[in-house]
Amino acid sequence: MLEKNRLHELYAALQQGLAGKLQELRHANRNAEAKGDASERVWIELLRDHLPERYEVNKGFVVDSNGCESHFIDVIIYDRHYTPCIFNRDGNLYLPAESVYAVLEAKQELNKAHVEYAATKAESVRCLRRTSASIQYAAGKYEPKEPGPILAGILTYECSWKDPFGDSLQQALGGVRTESRIDLGIAVGQGAFEVNYGVLGTEIVAYSGEFGLAAFLIRLLARLQNLGTVPAIDYNEYSKMLK
């Protein structure tokens with residue numbers, strides 16, 4: 001008799017717990033803003049528990065050395081080593097654009113309007129200026145590196161489309177500009193998806209509901225790993241605001 005895959009059991013338990021929390025919040029909070037805030041906290045807690053310590057997870061705004069500011073971002077995955085926050089008081093967090101690995105929008109439902117909204121949020125971060133500085137070490141220094149892409153995603157409880165990751169999602173994803181592209185997402189009740197944008201168009205890789213959360217976390221980790229480390233912030237550029 002074959003033993004059960006322990007990873008299946010662990011991720012299934014995690015997904016059931018997440019679904020239960022989101023469902024409870026959905027019924028307990030009638031106010032849309034309160035419901036949204038509670039949902040954000042659940043996702044932030046989940047990601048903090050399952051990402052390596054090199055990453056920090058929170059909500060807030062992203063700013064650049066020119067003083068430009070993003071929209072409010074529900075879930076930001078950012079560096080906690082090379083780039084300290086710009087401002088953090090009473091829950092008002094402002095992070096430098098150089099620190100950001102990924103931005104995620106938390107909503108109750110996966111639908112066209114929310115995909116487009118998440119895309120707009122992502123573009124507001126990706127359009128910010130990111131600096132890069134050299135890093136000194138014992139044998140010399142690492143030259144400034146080119147900032148890599150910023151991932152974007154959407155986190156939802158369920159999908160409003162009959163075919164969750166079919167033509168409707170593909171049309172919604174394909175209708176946004178390059179700077180607004182969504183890379184991955186999840187509808188806990190139906191599964192998760194990952195997007196590849198190529199010369200042949202938009203390709204969606206879907207994962208079934210049973211392994212949706214496992215797929216989302218593993219593919220997010222894989223994409224974060226592929227990004228490497230964010231560039232070191234160039235404080236000389238930020239110093240220009242002092243003049």
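**Figure 1. The hairpin of β12 and β13.** Strands β12 and β13 make a hairpin, and two residues lie between them. This is a predicted model, in which local features need pLDDT of at least 70 and side-chain atom pairs count only at pLDDT 80 or more, while totals for chains, interfaces and linings use all residues. Residues are numbered from 1 along each chain as its sequence is written, and side-chain values use heavy atoms, with hydrogens and water left out. β12 covers residues 191-198 and β13 residues 201-208; the two run antiparallel and are joined by eight bridges. Gly-191 has Ser-208 in β13 as its bridge partner. Strands (E, at least two residues) and helices (H or I, at least four residues) are DSSP runs, numbered from the N terminus. Two strands are said to pair if DSSP finds at least two bridges between them.

Figure 2. Of the nine residues of β1, seven are buried, so the strand is largely enclosed by the rest of the structure. Here buried means under 20% relative accessible area, exposed means over 50%, and partly exposed lies in between (1.4 Å probe, protein chains only). β1 and β2 run antiparallel and are joined by five bridges. β1 and β4 (residues 92-96) run parallel, with three bridges joining them. Phe-61 is placed opposite Tyr-94 in β4.

**Figure 3. The salt bridge of Arg-80 and Glu-56.** The side chains of these two residues meet in a salt bridge at 3.9 Å, N to O. Arg-80 belongs to the loop between β2 (73-79) and β3 (87-89) and Glu-56 to strand β1 (residues 55-63), so the pair ties together parts that are 24 residues apart in sequence. Glu-56 counts as buried, at 19% relative accessibility. A salt bridge is defined as a side-chain nitrogen of Lys or Arg within 4 Å of a carboxyl oxygen of Asp or Glu. Side chains of opposite charge can pair when their charged atoms come close. The count by this rule is 13 salt bridges.

**Figure 4. Salt bridges at Asp-183.** The side chain of Asp-183 meets that of Arg-126 in a salt bridge of 3.1 Å, N to O. Arg-126 lies in helix α3 and Asp-183 in the loop between α4 (167-174) and β11 (184-187), so this pair ties together parts that are 57 residues apart in sequence. Asp-183 is buried, at 10% relative accessibility. A salt bridge also joins the side chains of Asp-183 and Arg-223, at 3.5 Å, N to O. Arg-223 is part of helix α5 (residues 212-227), and Asp-183 is in the loop between α4 and β11, so the pair ties together parts that are 40 residues apart in sequence. Arg-223 has a relative accessible area of 16% and is buried. A network of salt bridges links Arg-126, Asp-183, Glu-194, Arg-219 and Arg-223.

**Figure 5. Helix α5.** The helix has 16 residues and reaches 23 Å from its first C-alpha to its last, close to the 22 Å expected at 1.5 Å a residue. The expected span is 1.5 Å times one less than the number of residues. Among the buried residues of α5 are Gly-212, Leu-213, Phe-216, Leu-220, Arg-223 and Leu-227.

Figure 6. Six of the six residues of β9 (residues 151-156) are buried, so the strand is largely enclosed by the rest of the structure. In a regular strand the side chains alternate between the two faces of the sheet. Leu-151, Gly-153 and Leu-155 point one way from β9, and Ala-152, Ile-154 and Thr-156 point the other way. β9 pairs with β5 in the parallel sense over five bridges, and with β11 in the parallel sense over four bridges. Leu-151 in β9 is opposite Ala-102, and Leu-155 has Ile-186 in β11 as its bridge partner.

**Figure 7. The largest cavity.** Its lining consists of Ile-73, Val-103, Leu-104, Glu-105, Ala-118, Lys-121, Ala-122 and Gly-153. β5 (100-106) and α3 (112-126) are the elements that give two or more residues to this lining. A cavity is a set of points, on a 1 Å grid over the protein atoms alone, where a 1.4 Å probe fits but cannot get out, and lining residues have an atom within 4 Å of a point.

Note on methods. 1 Å grid on protein atoms, 1.4 Å probe; cavity = no way out; pocket = protein on both sides within 12 Å on 5 of 7 lines; lining within 4 Å.
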